[in-house]
Every structure is written in C-alpha cells, then in structure tokens.
Amino acid sequence: MAALTDTIRRFAAVEGDSLRVAAAASQPFVAVDPQQLRVEVAAGASAQLVVVHEKPLASSLSLLLERDARLQVTEIFLAGVSAETEAVQASGSNCCITAVLLAGADASYRIDLDGAHAENSLGGLFLVDDNEHCVLKLRTNHRVADCSSDSSVKGIAGGSAVGEFRGLVYVAPDAQRTDARQQSRNILLSDTARIVAEPQLEIYADDVRCSHGATVGQIDAEAILYMRQRGLSLAQARRLQIEGFAGDIVRRCGIGELGEALMSAVARKMGNM
Amino acid sequence: MLSVKNLHASVDGKEILRGIDLEVRAGEVHAIMGPNGSGKSTLASVLAGNEKFTVTEGSATFQGQDLLAMSIEDRARAGVFLGFQYPVEIPGVTMANFMKLAVSERRKFLGEEPLSAAGFLKLMREKSAVVELDSKLTSRAVNEGFSGGEKKKNEIFQMAMLDPQLAILDETDSGLDIDALRIVATGVTKLHTPQNATVVITHYQRLLDYIVPDVVHVLYKGRIIHTGDKSLALKLEKEGYDWLINDYKE
C-alpha cells in the first residue's frame, strides 16, 4: 500500500473531528482512521475528501452539503472496519462518493436528498478473498422532487469469501420527477465464494424514473483465451479482465494520482486471489 | 516451419480431426477450404493451443519445437498468431494496455529490449495504418462496440503489432463488406514476407484474389482430402465440393 500511503500524504490532513469548507478547496483533504468526523461544505463551495480506514475501528462520517455545494468523497477500506457514512444534501448540491473495499469491512451509506435538483452518484467496489466477509449497504432517500441518484456497485469474490450489497432507493410520496438508478454487477472467482446482491426500490411517488438491476457472473473464459492467444499469461489475462471490470469505479474518484494508486492496490490484491 | 503429421483431435469425446497432414514452409501462403463442419476452425484452434480440444494422436512441430507441448501463450510468444473468426469483446480493457502486455511478452521471447512508451505509441500508429484502423479505436476497450469490419481489421492490426512467424486466419473474411475485405486482405499481404507464413481458412475465393495462395487444401470430415494450387479454389467456387467429397460420403 506504499503508493497509496505516499499519495494521500500529499493531501491536507483533517485536524479534529469536524471540517467546514467555505470556498473552493485547492487540494484534497484526507482523514485516516477517523472515528467521528463531520464535514460541511458551505453554499457554492467545493471540496474533495479522501477517507482511509487502515485500522479495524468503528467510524462515523457525516457529510453536509449546503445549497449548490460540491463534494467528492473517496473512502478506502483496507481493514475490517464498521463504518457509517451519512450525506445530507441541500438543493442543487452534488455529491460523488467512491467506496473501495479491499477487506472484510462493513460499510453503510445513507444519502438524504433534501433539496430540489440535488444529485448523488455512488460508485462502489468490493474485492474479497479467503474467508473475508464484506457488506456494502446503501440507502438513498429521495425526500423531495427533482433529484437524481445513480449508484453502481461492483463486487469480486474469491476463495470462500462473501460479498454483500444491500441497496435501497426510497422515493417519498412528493418526490416527483425523481431519476434514480441502482446497479450491482459481480464476478465470482471460485465455486465457494458467494455474492449477495439486493438492489431494491421503494417508490411512493407516481411520476418517477427508477431502475435497478443485479448480475452475478464469472470470469469470461473466451476473453481469457483471446488474451492468452496474444501472449499474455493466465494471471496477466485474469488481472487485466478484473482491472477492466473494476477500473471505471476506481478511476471515477476524480483524483488522477489516487485513482492510479488505488488501481495498483486492487491489482495487488487480485494478484493473490 | 510448421509440420503437422497424422493429427487427431476431439472435443467432448467426439473426434473432429481425423488424421491431418500439413507442411507449411517459410514464405508460403496456404488456404484451407471445405464445407461447414469439416473441422477447419478446430484445426486452427488446436494449432493455437485451445485447451478445449484434446489431441489424441499425431504430432505438430513449429520451427523444430513440439508445438503440442507448449501452452497457448507460449505458442503466441513463439510467433503463432490466430486471427479469430469471432473476436472477443473485453469491456474496460483498452487496446493500448492489452497490446502493451502482448508486445512486451513477444519481445521478451525474442530477447529484445522492452519498447519505450514513445516507441510503443509509434508502433501502434504505424501498424494501425496497415489496415486503415482509426487510431482512436486503440484507446477504446478491446473490440467493444467495434463494427464487424473494425473487429476484423483489429485482428490484422494485432497481427501487425506482434509480427508472427505463422499467422492462422480463421475466416477473417466472414462478415466483411467489399471495402473492408479489400483493406483486411491487403493488410495481410503487406505483412507477408519470405520469412513468415500464412494459413487462411476461408469459404470464398474472393479473399484469395488478394491473398494469393501457393497451396490450397480441402478439408472434409477431419481430413485433408485434396491439395492443389490456386486454380483449385477457382474450380471449387464454380463447381462446389461435390465432385471431391462424393467418394468420402458415408
């Protein structure tokens, strides 16, 4: 994890258990193993936040986006953490969350879209092996009209690991013209690994556009054969395919150098699977 | 370069190849023709090393080495290229990343130094021009969203990148319109040298107007039942296979 640790060291460390961003922040903030952290982004301000969990502690993260605020959050799980993240978004705000679970962690997200035209996107990736068990829970609450949410969670499980995604999009009775999407795509690397994928919708408004879906598949044997015919080893071909599967989630965090370091961390874990 | 003797191969216990003999020398172009289901694609897959097929009898040597003892990737690194009839889409894997690894493995085998980043880009540009492949496609995911013609051009582009000794092209002409066929076939002939060899598997004479074969084989029920020169392909186009296969019908 050296590249990852080196990369985040260059960011601005969050001091204490709260942070308020009043204007556009010039460089990403980073919090390592926060047990309790509250981040407020003032109206019209923007920030990037990286949260890294290296120790198996409980963590509670609260994100508050005021009107038209923008926040990009990348949360990286390197240990068996139990973490809760809550984002409350005012009108016109945009929150983009990337969650990368490289350990048997329990990560729970609750998104409250409280103001019109608030937008949330969440990209999640979990990679579990051996006897690891990880859970990614997501509840997106569309509480008012005209908000949009888009979540895409990808899972890879090998060994005897279990990966769970439990998602729920809730659309309140008055939340008309909601645009919500939730996708879960998974790959099983062994016969003994397990994936539980439950994307759900709970809709009480009648003028909405909502979709959800889940797939569980295996490594594409035809693609592996194709790559080996061009001279790649089985391990190289498998890694390339997994990186291809996971790449869009990892690279979406919006911080180029962090995306590359994360991709290497994913590849390293893959190499042992 | 390639010497195949009495090759038998089966899949799921069913024998598909029933004694193939084939000699391909450097500088030669061979065409393999034959009705559907005669074993042409199986022959290509077995030579490339697809583990789905089991070789039950016979031998194949490539440049003096026991080809059948080599893994699929080792055959590729040693210079055996298979142009796929149905190139596979690999979402999320860019052509550039894929080719970088493939070229680097090939160069390692040849004992050549790894290419610099600039050298690799230059090679990609040069070789994409061979088949008039839009260089933008090389930054896209492998074959994803490519048209039928682009997929086949992409096969020949990869062949150009890897500079194989032996290229086996499995129905590279299928699904191509006239322009794409000309571009793909011209690309293959541009890559042909006295040092390498090409085996094209095809149903149609029209590909052989561009890629002129030295030898034409007819494969039927897992055996090469007839071998001739390029005029054989013209005769087959006109008269079909019946005059050849009547003797072999069961």
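Visitor: What should I know before reading the numbers?
Guide: This is a predicted model, where local features need pLDDT of at least 70, side-chain atom pairs count only at pLDDT 80 or more, and totals for chains, interfaces and linings use all residues. Residues are numbered from 1 along each chain as its sequence is written, while chains are lettered from A and ligands numbered from 1 in the order in which they are written.

Visitor: How many residues of H5(B) are buried?
Guide: Terms come before the case. Helices (H or I, at least four residues) and strands (E, at least two) are DSSP runs, numbered from the N terminus. A residue is buried if 20 or more other C-beta atoms lie within 10 Å of its own, exposed if 12 or fewer, and partly exposed in between, with C-beta atoms placed from the backbone. In H5(B), 12 of the 15 residues are buried, so the helix is largely enclosed by the rest of the structure. Among them are Lys151(B), Glu155(B) and Phe157(B).

Visitor: What do the buried residues of H5(B) pack against?
Guide: They pack against strands S6 (80–83) and S9 (166–170), and helices H3, H4 (117–130) and H6 (178–191), of chain B. Take Ala160(B), in H5 (residues 148–162). Ala160(B) has 23 other C-beta atoms within 10 Å, so it counts as buried. Contact means C-beta atoms, placed from the backbone, within 7 Å. Ala160(B) touches Lys127(B), Val130(B) and Leu191(B), not counting residues up to four places away in sequence.

Visitor: How is strand pairing read?
Guide: Strands of a sheet pair through backbone hydrogen bonds, either parallel or antiparallel. Here, two strands pair if DSSP finds at least two bridges between them. In chain B, four strands form an open antiparallel sheet in the order S2-S1-S4-S5. Strands S2 (14–24) and S5 (65–66) of chain B stand at the edges, each with a single partner strand, so one side of each is left without a neighbour in the sheet. S4 (residues 54–62) and S5(B) are joined by two bridges. Thr61(B) stands opposite Asp66(B).

Visitor: Which strands pair with S10(B) in the parallel sense?
Guide: S3 (residues 29–33) of chain B does, over four bridges. S9(B) also does, over five bridges. His30(B) stands opposite Val199(B), and Asp170(B) has Ile201(B) as its bridge partner.

Visitor: Where do the side chains of S10(B) point?
Guide: In a regular strand the side chains alternate between the two faces of the sheet. Ala197(B), Val199(B) and Ile201(B) point one way, Thr198(B) and Val200(B) the other way, and all are buried.

Visitor: Which residues touch the most other members of the largest nonpolar core?
Guide: A nonpolar core is a set of buried Ala, Val, Leu, Ile, Met, Phe, Trp, Tyr and Cys residues joined through C-beta atoms within 7 Å. The largest has 79 residues; Leu47(B), Phe81(B), Leu166(B), Ile168(B) and Val184(B) touch the most other members. Another core, of 75 residues, lies apart from it and includes Val41(A) and Cys134(A).

Technical notes. Contact = placed C-beta atoms within 7 Å.
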